[in-house]
Amino acid sequence: MRLRRKLTNKRLREVIFSKGEDEMIGKSTKVITGLVRFAYANVHKPVAVYNGEERYSVTLLISKEDEGTIDSVISAVDAAMEKGREKIEKSRFEDMKMPVRDGDVERPEDKAYAGCYFINAYSKTQPQIVDKDLKLVLNEEEFYSGCYGRASITFYTFNHEGSAGVACGLGNLQKLKDGEVLIGYSDPRVEFGTFIEDYLE
């Protein structure tokens, strides 16, 4: 069964909840992605997205062909739900929010999202960025919305004001190659503001 082809939020919940406890033991909540494209890259300066609190953030566009990364994400979300079970055990299955979203379904008008799943990742601290030679990227212009690379991300459960699910924390970033700059996007404070209150620990 090709789960990665139709990894909707509902399907992700079904995959995880269908697993037995023995399949969850020992799994990590951390993922080092394969090659992804970065969008809404607020990684040089934090942006106030909720209640005046500032966050660094980036959207990861993951090709649906990248089964390795998708498998790792499923496993990490699985582990996060087991680790934080007490936060979500009283939540309705259908109402739980998942971090993996389908670009073809939620952003059909945006060609950058075509054929991709996407994850919004946040951090209170600034991520370190390295290049393909593992040297720190100090020039802010070198890392931008549209470039490609890898990301270190960690999943965790949340339960805030009755809204529960799994969110994604942003670790470090690696730029591997340039890409067409993504311009004409909406204000990231508007893009992310709808969801950030659910993801605060």
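Two aromatic pairs turn up when the whole structure is searched. This is a predicted model, so please keep that in mind as I go through it.

Take F38 and F143. Their rings are tilted against each other, with 4.8 Å from centre to centre and 45° between the planes. F38 is in strand β2, F143 is in the loop between β6 and β7, and the two are 105 residues apart, so the pair links distant parts of the chain. F38 has 0% relative accessibility and counts as buried. F143 is buried as well, with a relative accessible area of 2%.

The other pair is Y113 with F118. Here the planes are at 85° and the ring centres 5.0 Å apart, so this pair is edge-to-face. Both of these residues are buried. Y113 also has a charge above its ring: the charged end of R107 sits over it, 5.7 Å from the centre.

In soluble globular proteins, nonpolar side chains tend to be buried together. The largest nonpolar core in this model has 35 residues, and F38 and F143 are among those with the most contacts inside it, as are L60 and I119. Strands β2, β3, β5, β7 and β8 and helix α3 each supply at least two residues of this core. The largest share comes from α3, with seven residues. Apart from this core lies another, of eight residues, which include L61, A112, C116 and F118.

L60 is worth a look on the screen. Beyond its neighbours within four places in sequence, L60 is in contact with residues including F38, I119 and I153.

C116 is in strand β5. With a relative accessible area of 11%, C116 is buried. Its contacts, again leaving aside neighbours within four places in sequence, include L61, K64, R101, D102 and D104. From C116 to R101 is 15 residues in sequence and 8.8 Å in space, C-alpha to C-alpha.

Next, charges. How many salt bridges does a search of the whole structure find? It finds six. One of them joins D102 and K64, with the closest N and O atoms 2.8 Å apart. D102 is in strand β4 and K64 in the loop between β3 and α3, 38 residues apart. D102 is buried at 9% relative accessible area, and K64 is buried at 11%. K64 also meets D104 in a salt bridge, 2.6 Å from N to O. D104 lies in helix α5, so this pair ties together parts that are 40 residues apart in sequence. D104 is partly exposed, at 36%. Together, K64, D102 and D104 are linked in a network of salt bridges.

Last, K175, in strand β8. Is K175 buried or exposed? It counts as buried, because its relative accessibility is 10% and the cut-off for buried is under 20%. K175 forms a salt bridge with E142, the closest N and O atoms being 3.5 Å apart. E142 is in the loop between β6 and β7, so the bridge ties together parts that are 33 residues apart in sequence. E142 itself is partly exposed, at 39%. The side chain of K175 also reaches the backbone oxygen of E142, at 2.6 Å. It makes a polar contact with the side chain of D178 too, at 2.6 Å.

Notes: Residues are numbered from 1 along each chain as its sequence is written. This is a predicted model: local features need pLDDT of at least 70, side-chain atom pairs count only at pLDDT 80 or more; totals for chains, interfaces and linings use all residues. Side-chain values use heavy atoms; hydrogens and water are left out. Helices (H or I, at least four residues) and strands (E, at least two) are DSSP runs, numbered from the N terminus. Buried means under 20% relative accessible area, exposed over 50%, partly exposed in between (1.4 Å probe, protein chains only). A polar contact is a pair of N or O atoms within 3.5 Å; within protein, one must be able to donate a hydrogen and the other to accept it, and residues adjacent in sequence count only if both atoms are side-chain atoms. A nonpolar core is a set of buried Ala, Val, Leu, Ile, Met, Phe, Trp, Tyr and Cys residues joined through side-chain atoms within 4.5 Å. Contact means heavy atoms within 4.5 Å. Rings of Phe, Tyr and Trp (its six-membered ring) pair if their centres lie within 6.5 Å; planes under 30 degrees apart count as stacked, over 60 as edge-to-face and the rest as tilted. A charge sits over a ring if NZ of Lys or CZ of Arg is within 6 Å of the ring centre and within 35 degrees of the ring normal. A salt bridge is a side-chain nitrogen of Lys or Arg within 4 Å of a carboxyl oxygen of Asp or Glu.
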